[in-house]
Amino acid sequence: MQNPVQLVEGTTSKKVFWSALGAGILTLALLLVSFGVSGVAYAVPIAGVGDFYVEFDKLVGTGYTFYPKMGETGTSDSAPQGTNLIENLTIDNLQLYKDFKVGGEWIRVKITASKPVQISGLQHDAGLIEADAKFQNLVLQEKHSDDWQKQFKQTSSSIVLEHAKLKTHYLFQKTINMNGMKLTVEKINK
């Protein structure tokens with residue numbers, strides 16, 4: 001004699017669903033940014049995913065500009081930040097990661113590059129930069145303006161950052177060549 005089939009009704013946690021969907025979309029976006037292990041991606045921004053972190057051993061760039069701004073973050077509609085513009089740069093030992101809470105567990109989506117990364121047309125908005133910095137032909141310029149974001153600007157013909165950690169809110173590259181890319185998703189303890 002066979003047992004009758006018994007249907008069981010389940011529920012879906014919206015919080016877990018949206019967290020997992022967000023992590024998947026971020027993973028896809030970061031994968032498209034890198035365009036494969038030896039490819040080049042064009043004009044791809046990363047924004048709207050909340051704060052994420054960029055770490056590296058060394059960045060060497062030319063055509064550097066910095067100015068302050070108020071911008072959106074993962075926790076605020078308007079927070080003080082700095083915009084960094086670099087025309088061309090190379091980064092050694094790049095690590096880019098974002099932490100998500102899924103259910104009661106934390107996961108980290110992380111992209112690393114084992115070979116130097118070449119970028120042109122970088123725009124980077126950061127709330128924190130920790131690094132050893134060197135500049136050439138550094139100019140700090142102040143202008144009278146009612147808009148505080150136009151009152152101060154810093155430019156340099158070249159920039160070198162070493163042992164850096166950046167809390168990032170927006171990242172755009174005109175082109176990026178990321179050889180030796182690796183994408184991982186892992187559980188972490190926070």
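Colleague: Leaving aside neighbours within four places in sequence, with which residues is Gly82 in contact?

Modeller: Contact means heavy atoms within 4.5 Å. With its neighbours within four places in sequence set aside, Gly82 is in contact with Phe66, Tyr67, Pro68, His124, Asp125 and Ala126. The model is predicted: local features need pLDDT of at least 70, side-chain atom pairs count only at pLDDT 80 or more, and totals for chains, interfaces and linings use all residues. Residues are numbered from 1 along each chain as its sequence is written, and side-chain values use heavy atoms, with hydrogens and water left out.

Colleague: In which element is Gly82 found, and is Gly82 buried or exposed?

Modeller: Helices (H or I, at least four residues) and strands (E, at least two) are DSSP runs, numbered from the N terminus. Gly82 belongs to strand 2, residues 79-92. Buried means under 20% relative accessible area, exposed over 50%, and partly exposed in between (1.4 Å probe, protein chains only). Gly82 has 6% relative accessibility and therefore counts as buried. The C-alpha atoms of Gly82 and Ile129 are 9.3 Å apart in space, although 47 residues separate the two in sequence.

Colleague: Which side chain makes a polar contact with that of His124?

Modeller: A polar contact is a pair of N or O atoms within 3.5 Å; within protein, one must be able to donate a hydrogen and the other to accept it, and residues adjacent in sequence count only if both atoms are side-chain atoms. Here the partner is Thr168, whose side chain is joined to that of His124 by a polar contact of 2.9 Å.

Colleague: How many aromatic pairs does the structure hold?

Modeller: Rings of Phe, Tyr and Trp (its six-membered ring) pair if their centres lie within 6.5 Å; planes under 30 degrees apart count as stacked, over 60 as edge-to-face and the rest as tilted. The structure holds 3 such pairs. One of them is the stacked pair of Tyr53 and Tyr97, with 5.6 Å centre to centre and 20° between the planes. Tyr53 lies in strand 1 (residues 40-71) and Tyr97 in strand 3 (residues 95-102), so this pair ties together parts that are 44 residues apart in sequence. Tyr53 counts as partly exposed at 25% relative accessibility, whereas Tyr97 is buried, with a relative accessible area of 8%. Another is the edge-to-face pair of Phe66 and Phe152, at 6.4 Å centre to centre and 75° between the planes. This pair links distant parts of the chain, with Phe66 in strand 1 and Phe152 in strand 7 (residues 152-178), 86 residues apart. Phe152 is partly exposed, its relative accessible area being 32%.

Colleague: Which charged end sits over the ring of Tyr53?

Modeller: A charge sits over a ring if NZ of Lys or CZ of Arg is within 6 Å of the ring centre and within 35 degrees of the ring normal. For Tyr53 it is the charged end of Lys165, 5.2 Å from the ring centre. Likewise, Lys98 lies over the face of Phe100, at 5.5 Å from the ring centre.

Colleague: In what sense do strand 3 and strand 4 pair?

Modeller: Two strands pair if DSSP finds at least two bridges between them. Strand 3 and strand 4 (residues 105-113) pair in the antiparallel sense over 8 bridges, and Tyr97 stands opposite Lys110 in strand 4. Their hairpin has 2 residues between the strands, and Gly103 takes a positive phi near 65° there. Strand 4 is also joined by 8 bridges to strand 8 (residues 181-188), again running antiparallel. Arg108 stands opposite Glu186 in strand 8.

Colleague: How many helices and strands does the protein chain have?

Modeller: There are 1 helix and 8 strands, and from the N terminus on the elements run α-β-β-β-β-β-β-β-β. Of the 190 residues in the protein chain, 38% are buried. Among contacts with a separation of 6 or more, 77% are between residues 24 or more positions apart.
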